[in-house]
Amino acid sequence: MRTEPQPGSMSGSTNVTTELKSPRSIVWARRRASLADFWRLYRRQRAGMVGLAILVVITLLTVLAPWYTDESELNAANAPGGRMESPSTEFWFGTDQIGRPILTMVIWGARVSLQVGLVAAVLAVTLGTVIGMAAAHFGGWISWALMRLTDWFIVLPSLVLAIALVIALGPSKLTIIIAIALTSWAGTARLVRAQTMAIEGRPYLERARALGAGNWHQMTRHVLPNLMPLVLASATLQVSSAILAEASLSFLGLGDPSAFSWGGILERAFDAGAISAGAWWYMLPPGLAILLVVLAFTLCGRAMEVVLNPRLRGNQ
Amino acid sequence: MGNLSTTPPSVSPSGGAGGGDDAGYSAGTTPPGGVHRSAARRELWRFLAGRVSGAVVSMLLVLLSAFFIFRVIGGDPVRAVGGDSPMTPEQRAEIEERLGLNEPLRVQFWEYVKDVFTLDWGQSYVSSAQVTDLMWDRLPNTLLLTGTALILAAGLGVWIGARAGWRQGSTFEKTQVGISLTLWSAPTFWLGMIVIIVFSVRLDLFPVNGMRSARGGDQDFLPDLLDVAHHLVLPACTMAAVIYAQYVLIMRSSILEERGNDYLTVAKAKGLRDDVVRRRHAVPNALLPTVTLIALQFGAIFNGALLTETIFSWPGLGLLFYQAIKIPDIPLLQVLFIFFAGTTILANMLADIIYRFLDPRVRRSA
Amino acid sequence: MTPVLEIDDLRITYRGSRGEVPAVRGISMSLEPGDTLGLAGESGCGKSTVAGAILRLLPRETQVTGRIVLDGDDVLTMSFGKLRAVRWAGASIVFQGAMHSLNPVHRIARQIAEPIVLHEGLSSDAAEKRAVELMAQVGLPAWRASSYPHQLSGGQRQRVMIAMALACSPQLIIADEATTALDVMIQAQVLALIKRLVAERNIALVMISHDLSVLADTCDRLAVMYAGKLVEDGPSHEVFAAARHPYAQALSAAFPTVGDPAERRNPHGLAGDPPDPSNLPTGCSFHPRCPVVRDDCASTSVELRRARDDWRAACLRVEEVA
């Protein structure tokens with residue numbers, strides 16, 4: 001195969017500074033076009049659009065919380081209601097055992113749950129991507145060791161491991177994030193490894209290697225851009241599991257004691273005997289919030305996967 | 001469920017499948033002679049040795065991480081024992097002496113390894129009972145709960161998943177996928193809370209929690225059995241719900257993968273009924289990747305057991321773990337951690353080996 | 001003699017996400033016991049769709065009109081129960097790509113025996129005994145009965161498919177690209193096997209391929225399809241040597257005469273791509289690619305015309321061409 005020598009192609013980038021702009025702008029134009037393409041296909045996924053809509057609404061509700069709720073109601077001293085009041089026009093979802101309105105708690109709890117979920121997912125996917133790429137690229141015993149480690153993390157009961165880590169490090173928001181990230185990167189690593197190996201077999205990477213491109217250049221310029229869509233879809237799905245994990249850890253009493261999260265609210269409900277009191281209003285809102293957000297992220301992630309993998313579109 | 005990093009319900013089934021590593025085998029055209037057979041046997045032994053040694057290495061890694069997590073960075077065990085009340089240096093030294101904490105780390109690790117292999121896993125900080133005794137007491141209860149939930153979830157999940165995948169695009173498929181995704185998205189413990197409020201508190205159909213009624217212990221065998229079964233219904237269904245959702249999604253994807261294959265058209269052309277084509281031809285092929293994926297999710301079952309037992313006060317290992325977290329009771333946590341991890345490693349190893357005997361594409365010619 | 005298969009004005013339309021796509025647009029043909037017909041054409045011309053329609057194997061939403069009479073009964077209108085009884089017992093199919101046509105987790109004897117158990121009510125032991133006999137007839141040793149498909153070579157798998165097709169002694173066998181994936185030597189063996197078995201049992205054969213030379217070798221009659229229609233139908237050697245329709249000519253000319261220097265310097269081929277079935281040209285759908293196109297080709301819809309008693313072609317210039 002013959003390739004035309006192009007000005008500003010990656011090997012000659014040092015001597016053609018003036019023309020650097022044009023190939024780069026071509027790259028950007030191409031990325032914009034493929035992004036538009038992605039969006040056009042994504043829009044046809046009805047479930048994915050529903051998920052996206054849910055996420056937009058929840059994000060707005062969370063961000064705008066200070067303007068339509070009163071945070072000071074969450075302070076035990078200022079609790080406006082009575083003890084475990086059932087829903088009324090004043091408190092739509094009743095109050096907790098010291099009279100704080102459940103609805104306000106759930107709205108403010110979204111901050112912690114989403115924050116922890118998003119940050120932990122990003123960390124986990126980053127870690128998984130780096131390890132997966134390394135395992136695919138270097139081969140030999142490094143690859144072997146990394147894959148054994150990955151398998152080990154995939155197999156282990158992740159919640160149990162995360163609990164152990166949080167206990168060891170002491171409960172706080174940061175430890176929870178670290179524990180979740182450390183116990184959930186392995187799936188992404190395996191996925192990324194397989195995809196990287198597929199990409200590295202493509203002719204343009206052979207060309208780049210033949211032209212003397214180093215490991216770093218190959219990875220950042222050629223492999224990573226091609227991995228990005230897959231990694232993003234994986235990250236979206238990962239947010240779902242991270243939010244569920246945060247809820248579980250908080251429910252088990254390992255959350256940040258000073259902050260409200262959805263799992264933490266459920267823990268308080270459980271400890272306060274809301275079940276035997278039949279106080280469904282105490283448990284329904286936070287649980288539904290978790291369910292809705294997790295479902296929304298899952299729907300988005302699945303829709304992205306379908307867009308990226310035409311084989312899954314069905315009815316070919 | 002507390003499905004930390006259980007495979008999120010992704011659409012593509014290609015995420016897992018470790019069993020395929022050795023699949024690149026195709027036999028020659030020679031009849032099975034003696035040479036062929038002994039080569040096959042040697043291959044099999046090599047495979048078994050590989051899997052077993054892999055499991056052993058994983059197990060060592062578990063022991064090592066258990067030591068480091070719980071002994072080295074695991075906070076201050078003395079405070080865990082003595083509680084938050086102030087204590088004199090003498091009291092402190094006495095507790096340290098009792099727990100062997102005044103030895104150098106190297107010695108502690110050696111003692112730890114020795115204890116692990118002699119099954120002397122120490123005393124609980126709190127009850128001062130042997131942790132192993134506590135564990136063996138609770139183990140049957142956990143087996144009962146998880147076993148019931150697993151059978152329920154696997155049977156129903158594979159069945160519904162196969163039907164859903166077979167009729168891609170139908171209302172049935174869309175409904176089942178919707179239900180499964182919703183169940184997957186619900187936290188196990190919350191599902192349990194709601195189930196208790198509805199079926200125990202409001203409708204009064206099932207007991208709120210526990211495994212036996214108060215007078216349970218004195219009953220004869222049959223009433224006792226019925227009592228336990230009565231208590232088992234809600235927790236088993238709650239735990240099964242989330243696992244079920246995963247199995248539906250996995251099985252559906254596997255069937256979708258098979259659907260384009262010509263052998264299904266051949267089966268149809270032979271004059272077989274549609275449901276026979278599905279049961280006899282599609283399902284056995286789709287089950288093989290499902291087995292691998294399900295094996296990878298054994299760990300998630302313990303996650304579910306932990307949360308379910310907590311909510312329902314089911315006296316199993318999960319509840320024991322929860323109670324140990326609250327204290328925190330380090331020796332107990334450590335043992336349970338090793339037990340949970342070890343069981344999943346063992347289960348995965350067995351699943352790998354069984355897979356090899358199930359799939360003729362991987363198996364040597366007999 | 002009554003025909004084994006009679007197809008009358010068969011029209012098949014796929015309904016997909018892009019609307020309705022006509023795949024077969026009015027095909028008629030008839031086969032008597034022992035007849036062998038080769039059906040040729042480019043990929044996408046609808047030849048495999050015809051094969052699928054004969055046993056009603058197409059997706060449920062596909063629209064099929066016309067008549068397909070198999071041994072006296074119209075396949076398109078029969079009940080599902082009757083249809084299942086006719087499948088394989090009345091007509092069987094040897095599919096393309098034998099690798100994926102066999103179930104990877106069942107032993108091959110079981111797969112051959114499956115239709116025997118179903119249609120003849122034999123016990124599975126008796127049926128597997130029959131399967132071993134059938135395997136012997138296609139040249140497979142008995143010990144292969146307990147093998148799995150992945151343990152067989154491509155040619156062996158195709159033999160299994162043939163044995164399976166013979167299992168219920170059908171009157172018609174449809175071979176859909178049955179030898180395409182095989183290398184040339186094996187292909188010749190398998191073709192000879194099919195030819196012999198079909199002749200011995202007086203079975204009618206419809207053989208589908210894009211390879212005209214294979215069909216000319218195996219079949220007595222040759223039909224060429226283009227864009228869902230038959231464009232030529234005649235005695236195979238004559239069609240192969242001197243087709244009347246310019247498309248059929250181009251197809252047979254695509255096989256160079258080995259050793260002819262003129263052909264080496266000036267290879268024949270057909271310009272352009274096969275037409276988009278959802279947007280076919282007007283008139284004769286071949287006219288945009290036709291080397292001998294005439295003014296009225298774009299406006300006149302051309303049906304098969306008699307070129308000779310046993311030879312038809314769908315071209316306005318059927319008398320002059322050739």
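Two residues are taken to be in contact when heavy atoms lie within 4.5 Å. By this criterion, in the predicted model, 63 residues of chain B are in contact with 60 residues of chain A. The size of an interface is often expressed as the accessible area lost when the parts come together. For chain B and chain A, the buried area amounts to about 5,100 Å², and carbon and sulfur atoms contribute 75% of this area.

Helix packing within each chain was examined next. Two packed helices are described by the angle between their axes and by the distance between the axes. In chain A, the axes of helix H2 (residues 46-63) and helix H12 (residues 280-308) come within 7 Å and cross at roughly 135°. At this angle, H2(A) is therefore oblique to H12(A). The crossing of H2(A) with H12(A) is left-handed. On the H2(A) side, the contact is formed by A:Ala47, A:Gly48, A:Gly51, A:Leu52, A:Ile54, A:Leu55 and A:Ile58; H12(A) contributes A:Leu292, A:Val293, A:Ala296, A:Phe297, A:Leu299, A:Cys300 and A:Ala303. Of the residues in the contact of H2(A) with H12(A), twelve are nonpolar and two polar, with no charged residues.

A further pair in chain A comprises helix H4 (residues 102-138) and helix H10 (residues 215-254), whose axes come within 7 Å and cross at roughly 140°. H4(A) and H10(A) form a right-handed crossing. The contact of H4(A) with H10(A) has 19 nonpolar, eight polar and one charged residues.

In chain B, helix H5 (residues 131-166) and helix H6 (residues 171-185) pack at an angle of about 135°, and their axes are 8 Å apart. H5(B) and H6(B) are therefore oblique to each other, and H5(B) passes H6(B) in a left-handed crossing. The contact brings B:Ile160, B:Arg163 and B:Ala164 of H5(B) against B:Phe172, B:Glu173 and B:Gln176 of H6(B). By class, the residues of the contact of H5(B) with H6(B) comprise three nonpolar, one polar and two charged.

Key. Residues are numbered from 1 along each chain as its sequence is written. Chains are lettered from A and ligands numbered from 1 in the order in which they are written. This is a predicted model: local features need pLDDT of at least 70, side-chain atom pairs count only at pLDDT 80 or more; totals for chains, interfaces and linings use all residues. Side-chain values use heavy atoms; hydrogens and water are left out. Axes are lines fitted to C-alpha atoms, for helices over the stretch in contact, and angles run from 0 to 180 degrees between N-to-C directions. Helices (H or I, at least four residues) and strands (E, at least two) are DSSP runs, numbered from the N terminus. Angles under 35 degrees count as roughly parallel, over 145 as roughly antiparallel, 65 to 115 as roughly perpendicular and the rest as oblique. A crossing is left-handed if the near helix is turned anticlockwise from the far one by less than a right angle, and right-handed if clockwise. Ala, Val, Leu, Ile, Met, Phe, Trp, Tyr, Cys and Pro count as nonpolar, Asp, Glu, Lys and Arg as charged, and the others, Gly among them, as polar. Buried area is the accessible area (1.4 Å probe) that two parts lose on being put together, summed over both.
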